[in-house]
Amino acid sequence: MPSLSTCSVLPVQVQLQTQTTYRGITDCMVKTYHHESPLGFVKGMSFPIASIAVVNSVLFGVYSSALQVLTATSHQERRAQPPSYTHVFIGSCTGGSCRPFMLLSLQAYCLAPFDLIKVWLQNQTEEPKGKSGSPPPQYQGPVHCAASVFQAEGPRGLIRGDCALTLRDNPTLGIYFVTYKWLCRQFTPDGQNLSSGTVLVAGGFAGVTSWVTATPLDVIKSRMQMAGLRQRVSARREGLGVFFQGLSINSARAFPVNAVTFLSYNYLLHSRG
Ligand SMILES: CN(C)C(=N)NCCC[C@H](N)C(=O)O
């Protein structure tokens, strides 16, 4: 289920979270455009885009399997007998008690190296390749970045921030699917089928809600990936707002992306009959 979302996301958001030099989104976007051309807005995205199809397939596939295990019902039966919100939450969170749920933990560990490389590349604010007189970027691309990290820090270096990533993803995946299910039930009159419009709106708000709850840990995760615990997030020095850096631009992305993601999921689910 490819989707242009990335599991965390836009270079502007990552730079706002990890660098204290910008005065806000506009300042960051103007400087990114002037220093790095429009390509600066998509740097570091090759790995996330290449991996998101696998990540989303694991996420939605294991979620459906987990619900089947928890409720002992098939997808068709669940249309008539919807699962409880508790089952939806447990089924979508990693770390469930039953073996099929452990696969969701892999979603975070599969993600960690891709996410680390994305954050490092998106924080690389040197001049772009080929600009006259500018020094070449430190990393030539995701593979070079991965090799450099592995050479300097070994395999552990590639999963730096994985604990924060797992703590960020686990509960927010539960919130993601429960929000979606709750909104679908609120906007679908009894006895009527789920409409595409309802799926789009519910999916969009589910994505935004999950990122509102995930952003504080996302900021900590990005800081850990960039410089380990040496660059602690200091609420005292930077204000509590630091834990929600990048949320607005990420929400603007997350709404349409997750609306389409859930529409695709529903289409695939119902095309199976
Ligand atoms: C860490 N968080 C908030 C989540 N995993 N939320 C659910 C999926 C988000 C979707 N892949 C996106 O990139 O918006």
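Me: At what angle do helix H1 and helix H10 pack, and how far apart are their axes?
Reply: This is a predicted model, in which local features need pLDDT of at least 70 and side-chain atom pairs count only at pLDDT 80 or more, while totals for chains, interfaces and linings use all residues. Residues are numbered from 1 along each chain as its sequence is written, and side-chain values use heavy atoms, with hydrogens and water left out. Helices are DSSP runs of H or I with at least four residues, numbered from the N terminus; axes are lines fitted to C-alpha atoms over the stretch in contact, with angles from 0 to 180 degrees between N-to-C directions. H1 (residues 11-18) and H10 (residues 196-227) pack with their axes 9 Å apart, at an angle of about 80 degrees.

Me: How is H1 oriented relative to H10?
Reply: Angles of 65 to 115 degrees count as roughly perpendicular. The packing angle is about 80 degrees, so H1 is roughly perpendicular to H10.

Me: Which residues of H1 make the contact with H10?
Reply: Contact means heavy atoms within 4.5 Å. From H10, the contact involves Thr215, Asp218, Val219, Ser222, Arg223 and Met226. From H1, the residues are Gln13, Gln17 and Thr18.

Me: Is Ala72 buried or exposed?
Reply: Ala72 is found in the loop between H3 and H4 (75-80). Its phi is near 50 degrees, a positive value in a residue other than glycine. Exposed means over 50% relative accessible area; because Ala72 has 66% relative accessibility, this residue counts as exposed.

Me: Which element has the lowest mean pLDDT?
Reply: pLDDT is the predictor's confidence in each residue, from 0 to 100. The mean for the protein is 80, with 82% of its residues at 70 or more. Among the elements, H10 has the highest mean, 94, and the lowest, 68, belongs to H6 (residues 99-122).

Conventions. Helix = DSSP H or I, 4+ residues; strand = E, 2+ residues; numbered from the N terminus. Parallel < 35°, antiparallel > 145°, perpendicular 65-115°, else oblique. Buried < 20%, exposed > 50% of the residue type's maximum accessible area, 1.4 Å probe, protein only.
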